[in-house]
Structures are given as structure tokens and as C-alpha cells.
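Me: Could you help me learn to read a protein model? I would like to go feature by feature.

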Amino acid sequence: MGLIKDIYSVAFYEKFSQAVAEVHPAFDKQKFIDTIYKGDFAQKEWKDRMKHTTVVFHQFMPENFAEAVALIDKIIENLKKNKFTDGNLAFIFFADYIEVYGLEDFETSTKAFVSITQFISCEFAVRPFILKYKEKMIAEMVKWSLHENHHVRRLASEGSRPRLPWAMAIPFLKKDPISILPILENLKNDSSEYVRRSVANNLNDIVKDNPQIVLEIANKWKGISKETDGIIKHGCRTLLKQGHPEILSHYGLESTNIELSNFEIKTPVVKIGDYLQFQFHLKNNNKAPKTVRLEYAVHYKKAKGHLAKKVFKISEKIYPPEELIKVERNQSFKIITTRVFHIGIHELSIIINGTESETLSFELV
């Protein structure tokens, strides 16, 4: 698999240039490609190549923004006609174009988002508009949440997330997300799983700053439909991992009379690159079947010597009464880019319906 930055290749620009020239006769294909590759293009990473493409593309577009947007619509239609990678990540510069050059033209830009997001998602590009126009932009996104196209409906939810990963945060929505709740309300029973997952992710963003709001939504939406229940469950995943009492109660997850025994670390010394192996027994001592959300927490040693807990889910299922069940798990300590391991004493615990057991120690070497 190649590097993500390599989606911006000579072949891509040649094919794209041809598609542009077919609807914009004044477009100079060769000059466009030559301008793209001037300077340090080869050293640029993916995001810089995308931004560079936006800037160069702008040089060959009409100066009038509304005319440029109309031309982008024609280009997209031609790309679709030619079956040129509909939705390909490379085309995110269309959304970036609106973000960079359309911030002062609210009406044209919001119409452009509706059109472009049906080809390539615009959730990053709408963020500066939310910051600049606040309630005016959110009111527009409420309308999007009722759109016939599921990509537009998802843009309403995904673009309004208070903490969208890899994007600028929206501080006023982190502080008070009330204004975006009508968007989520409109989408709570959406026919598209793509949209429903976005609603859940938006709720999970909100929960990090305003858990009580999401808990109220969970109670309000409970039982509306199987799909809505799924949104709530996924949207409350942070609270579930935190063992929040109210959400545990919402799902009837109580640890009373659930017995943990024979908790053992089978590899008390683990080499970086190997696996931590552990096991335990679990028994439901209640007289009736019991739903058990089973997790474990690794308390990783950090650079400054303190421990930081990360929770991993094992399962959530019904345990019959009086049955002793053995659970075995391996936890990888293979080197990955998203986590740095530090040698020394780490800890492990089991979490049963939000209640954490005593920890056992193991050494990473």
C-alpha cells in the first residue's frame, strides 16, 4: 500500500485536468500540471499537497466566487459521468476551496456544501463557517438534517460535532451544545446507518463536556426503535467505559453477586513486542440470568512514571445463573504508532458492569 500523499500523482492530475478542460475550455491543462509540480511538491505531505492543489486550482478558476462554484458543480458532474473515483479522498480540495475562498459568501458557500458533500465529504470545511456565523450556520445545518440525500444529512451531524477528530474544535458547542440538538433529534431514527453512526459520534463528543445532556437524551430516546437504541449505546460508549453510574443503571448493568475469581496474569514479565496473557473466572451468583458488560483496564506506565488507564471491552452478554465461566485474553505490546510503551511496572484490572477489581502488576521489559 502506498503513502496517502501519493493519491496526488501525475496520473491523477492529468485525468483531473482532462475532466476540467471538457467543461472549461479556457483551462490550460499543461500549465496547471506544471504549476502543481513547481517547487517542493515532492517533499509535501498529504495535507500540504491537498492545500497546494486548492491554491493552484484557484489560479485557474473564475475570479468571481459564485461563478467558480458553478464551475465546480459542472466539473463534479463530469467526473461522475466519467466514473472518475466518485468520493475519492483526493477530491477533498473541492471542500477546501469553499472553506478558503468562500467564508465571506455565506449563501453561495452553504449551497456549495450541499452539492459538493454528495461527492466528497465537507465536514472539515464547514467548521470555520460555524465559528464565524454560529447560530446562522447551525440553522442551515438543521435544514440539512432534513435533506433527502443521506450525505447531506450526515454533514449536518458530522460537521457540527463539538470535537470532530483531526478538525478544529468548536469551543462554544463544547461549552453549550443545545443549539445542535435539533439536528440530532431529526436524525435519531435515520434510515442510513452512515448517518446514525455520525449521530452517535456527535453524542459521544457532547458527553465529554456535558454528560448530563446525553443522559437526558438517552432516557428520552430509549425504546423508540432498535436503531435509536443503537445510537444511544454507541453515543454513550465513553460513559460506559468510565463506569458512569447513571448510564450503567440505564442499561441495568449492576455488579451485585457477580463473582470474579482466579484472576491471574500468566506472563508477569512481558517483552515489548510480545503479549500480556491473563485469565479469570466469572460466576453469576444471582438466581436469574444477568447481563454483564465485561472489560479490562491496562494501567500503562507513562514517561513521567505515573500510570494512565485505558479500558478495553471483552464482551457484553447474558450470563446464566450459577455457571462458572473461564475467560482468557491476550493484550498486545507490539510497537504501534499511536502508543509509546515504557518499560517498568504496569497494572491490570477487570471491570464488571463498571466496577473495577483490584489490580495485578506485571513488568514490561
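Predicted model: local features only at pLDDT ≥ 70, side-chain atom pairs only at ≥ 80, totals over all residues.

Me: Which partner does Asp96 meet in a salt bridge?

Reply: The partner is Lys51, and the N to O distance between the two side chains is 2.6 Å. This pair links distant parts of the chain, since Lys51 sits in helix α3 and Asp96 in helix α5, 45 residues apart. Lys51 is partly exposed, at 29% relative accessible area.

Me: How many salt bridges are there?

Reply: The count comes to 24. Another one joins Glu104 and Lys132, with 3.7 Å from N to O. Glu104 counts as exposed, with 65% relative accessibility, and Lys132 as partly exposed, with 40%.

Me: What happens when salt bridges share partners?

Reply: They join into a network, and here one such network is made of Glu123, Arg154, Glu158, Arg161 and Asp205.

Me: Is Lys44 buried or exposed?

Reply: Lys44 is buried, because its relative accessible area is 18% and the cut-off for buried is under 20%. Lys44 also forms a salt bridge with Asp40, where the closest N and O atoms are 3.4 Å apart. Asp40 itself is partly exposed, at 42% relative accessibility.

Me: How should I read a helix?

Reply: Start with the general idea: an α-helix has 3.6 residues a turn, so residues three or four places apart point the same way. Now turn to helix α6, residues 106-116. Eight of its eleven residues are buried, so α6 is largely enclosed by the rest of the structure.

Me: Which residues of α6 are buried?

Reply: They are Phe106, Thr108, Ser109, Thr110, Ala112, Phe113, Val114 and Ile116. Look around them and you will find the helices they pack against: α4 (65-81), α5 (93-101), α7 (127-133), α8 (135-144) and α9 (150-159).

Me: What does helix α13 pack against with its buried residues?

Reply: Helix α13 covers residues 211-221, and its buried residues are Ile213, Val214, Leu215, Ile217, Ala218 and Trp221. These pack against α11 (181-187), α12 (193-207), α14 (226-235), α15 (237-242) and α16 (245-250). After α13 comes Gly223, which has a positive phi near 85 degrees.

Me: How do I look for empty space?

Reply: The general idea is that rolling a probe the size of a water molecule over the atoms shows where empty space is left. In this model, the largest pocket holds about 330 Å³ of space. Its lining has 17 residues, and those nearest the centre are Lys47, Met50, Glu99, Phe124 and Trp166.

Me: Which helix gives the most to the lining of the largest pocket?

Reply: That is α3, with four residues. Both α3 (46-59) and α5 supply at least two residues each.

Me: Where does Ile7 lie?

Reply: Ile7 lies in the segment before α1 (10-23) and is partly exposed, at 26% relative accessibility. Not counting residues up to four places away in sequence, Ile7 touches Phe12, Trp46, Leu89 and Ala90. Take Trp46: it is 39 residues from Ile7 in sequence, and the C-alpha atoms are 8.3 Å apart in space.

Me: Which residues form a nonpolar patch on the surface?

Reply: Ile272, Ile335 and Ile343 do, with about 310 Å² of accessible area together. One of them, Ile335, is in the loop between β6 (324-332) and β7 (344-352). Ile335 counts as exposed because its relative accessibility is 70%, and the cut-off for exposed is over 50%.

Key. Residues numbered from 1 in each chain as written. Heavy atoms only, no water. Patch = residues over 30% accessible without salt bridge, like charges linked within 9 Å, V, L, I, M, F, W, Y side chains within 5 Å. Areas by Shrake-Rupley, 256 points an atom, 1.4 Å probe, with all protein chains shown as cover. Salt bridge = Lys/Arg side-chain N within 4 Å of Asp/Glu carboxyl O. Buried < 20%, exposed > 50% of the residue type's maximum accessible area, 1.4 Å probe, protein only. Contact = heavy atoms within 4.5 Å. 1 Å grid on protein atoms, 1.4 Å probe; cavity = no way out; pocket = protein on both sides within 12 Å on 5 of 7 lines; lining within 4 Å. Points joined across faces, edges and corners; volume = space filled by probe spheres on them.
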